[in-house]
Amino acid sequence: MSQMPRQAALPKCPSCTEPVESGDLFCGACGYDLSVVPAAPQDHPTLTMTGSAAADDGAAWPEPGPAGSDTPSAAHLPTDLPGTDSGDTPLPGHESGAERSPGSGVRFDRPDEPDEPDEYPLQAPDPRLTAAPAEPAQLCVACRTGRVDSDGYCENCGHAQPRERDHVERESGPVAAVSDRGLRHHRNEDAFAVGHTTLPDGTPAAVAIVCDGVSSATRPDDASLAASQAAGDTLLAALPRGTHPQAAMHEAIVAASQAVNALAEEPATAREHAPHQNAPACTIVGAVVTSGLLVVGWVGDSRVYWVPTDRTAPPARLTEDDSWAAQMVAAGLMSEAEAYADERAHAITGWLGADAYELEPHTAAFKPDRPGAVVVCTDGLWNYAETAEEMSEVIPADAATRPLHGARVLVGHALDGGGHDNVTVAVLPFPAPPQGAGSA
């Protein structure tokens, strides 16, 4: 943008700085003789220092190139020269032995550290920027929008999320099992173990153990889990050694009892703080199926049913409950219908645990003359299919060849009936099929 020209300022008196007119010989304010004009200071332009000039100051500068050379003299920076402060103390970086980077203009004030690198260390990266990305938040299974907090509850609707043991399914070769919390209990106190192995002669064997925690006892879920694991491990170790399946089943129940008893001692002060609580306890039932033998074992009121593939043949219940109702029927004091209609029917008279009576494992061996399916279950199922005939009607016809599907159907039947208790079911085919011929 164009600008208007400015008028030149009037000259000023060198003595009092008052403006004076051009042509005045004296200042009108102070009378200063304006004819006395000081000489202009000598101009000293800034020049590139030469070798001779540097020599006068005692600085060692490189000599200029030869005369007539096109190579210009090297330029130098103030930091290339030694210097001192007002007390003749060398400036930082100019002490004897101080480190300088030639021609860089950067001064390194650190003392000599032979073990340290010449460069300044880089600042450590912010761990917040390099941390692994957080796992996506778990969504509520009920509302599908709320986040699940660390306690397992939805922050939106407050719904408790399923625990790991709320629903468990497992297959092992020809045997499968399913366990579900049910619709009324707040946790699953059942547990199971399934597996398969071979006998010393190479014939296959399948194993299933089902345990039901006693709800009135302390830590019933821990008791059932410890018992099922101990019994399953014992069977899978004893059978390949040549132990008879019935003897192996007896050993397995004893091992399960010892595992549950040990829970009463963990921690040692538990009973002191809660002297009126019962020790951990559970029931146990199991089955071993080989090519020609079916062995069952139990303590408590969980059961084993035999259902032939040919439904024209009669099914059978292979165990007898350790319960008040069973004792009444065995003593001839009540009919089975009357006994199981009584509110005391499910009071058990045998269980595993430190508070139990003397341990009396029950075992039995059978040799079915036809193929079929073996159902090992807790009362969470047989309450809805109590007789062998009812169980035969509920179990799928192909349960022997599809044991996992059969177990799912049986658990579903209990849930459809009300699911008042935890439900656990294992299904084994008889005879045990060759290795590698699991469920379809």
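Which elements cover the buried residues of helix 10? They include strand 3, strand 4, strand 13, helix 8 (379–382), helix 9 (388–394) and strand 14. The legends below take up this helix and other parts of the structure.

This is a predicted model, in which local features need pLDDT of at least 70 and side-chain atom pairs count only at pLDDT 80 or more, while totals for chains, interfaces and linings use all residues. Residues are numbered from 1 along each chain as its sequence is written, and side-chain values use heavy atoms, with hydrogens and water left out.

**Figure 1. The whole chain.**
The chain has ten helices and 14 strands. Helices (H or I, at least four residues) and strands (E, at least two) are DSSP runs, numbered from the N terminus. Of the 440 residues, 37% count as buried; buried means under 20% relative accessible area, exposed over 50%, and partly exposed in between (1.4 Å probe, protein chains only). Among contacts (heavy atoms within 4.5 Å) between residues at least 6 apart in sequence, 59% join residues at least 24 apart. The mean pLDDT, which is the predictor's confidence in each residue from 0 to 100, is 80 for the chain, and 71% of the residues reach 70 or more. Over residues 1–8 the pLDDT is below 50, and this stretch has zero contacts in the model beyond near neighbours in sequence. Over residues 97–111 the pLDDT is also below 50, but here the model has 25 contacts beyond near neighbours in sequence.

**Figure 2**
Two strands pair if DSSP finds at least two bridges between them. Strand 9 (residues 303–308) and strand 13 (residues 372–377) are joined in the antiparallel sense by six bridges, and Arg303 stands opposite Cys377 in strand 13.

**Figure 2. Ala373 and its surroundings.**
Ala373 lies in strand 13. At 4% relative accessibility, Ala373 counts as buried. Ala373 and Val307 are 66 residues apart in sequence, yet their C-alpha atoms are 5.3 Å apart in space. Leaving aside neighbours within four places in sequence, the contacts of Ala373 are Tyr305, Trp306, Val307, Ile395, Ala399, Ala400, Val427 and Leu428.

The buried residues of the helix are Pro403, Leu404, Gly406, Ala407, Leu410, Val411 and Ala414. Seen down the axis of helix 10, these buried residues fall within an arc of 165°, so they line one face of the helix. The arc is that of the directions from the helix axis to the C-beta atoms. Gly418, which follows helix 10, has a positive phi near 135°.

**Figure 3. Strand 7 and its partners.**
Nine of the nine residues of strand 7 (residues 281–289) are buried. Ala281, Thr283, Val285, Ala287 and Val289 point one way from the strand, and Cys282, Ile284, Gly286 and Val288 the other way. Strand 6 (residues 204–213) is joined to strand 7 by eight bridges and runs antiparallel to it; Cys211 stands opposite Ile284 in strand 7. Strand 11 (residues 352–353) is also antiparallel to strand 7, with two bridges, and Gly353 is the bridge partner of Ala281. Strand 8 (residues 294–299) pairs with strand 7 in the antiparallel sense over six bridges, one of the facing pairs being Val288 and Val295. Strand 7 and strand 8 form a hairpin with four residues between them.

**Figure 4. Two backbone details.**
Most residues other than glycine have a negative phi, and most peptide bonds are trans. Arg219, in the loop between strand 6 and helix 3 (220–238), has a positive phi near 50°. At 27% relative accessibility, Arg219 counts as partly exposed. A cis peptide bond joins Phe430 and Pro431, with omega about -5°. Pro431 is in the segment after strand 14.
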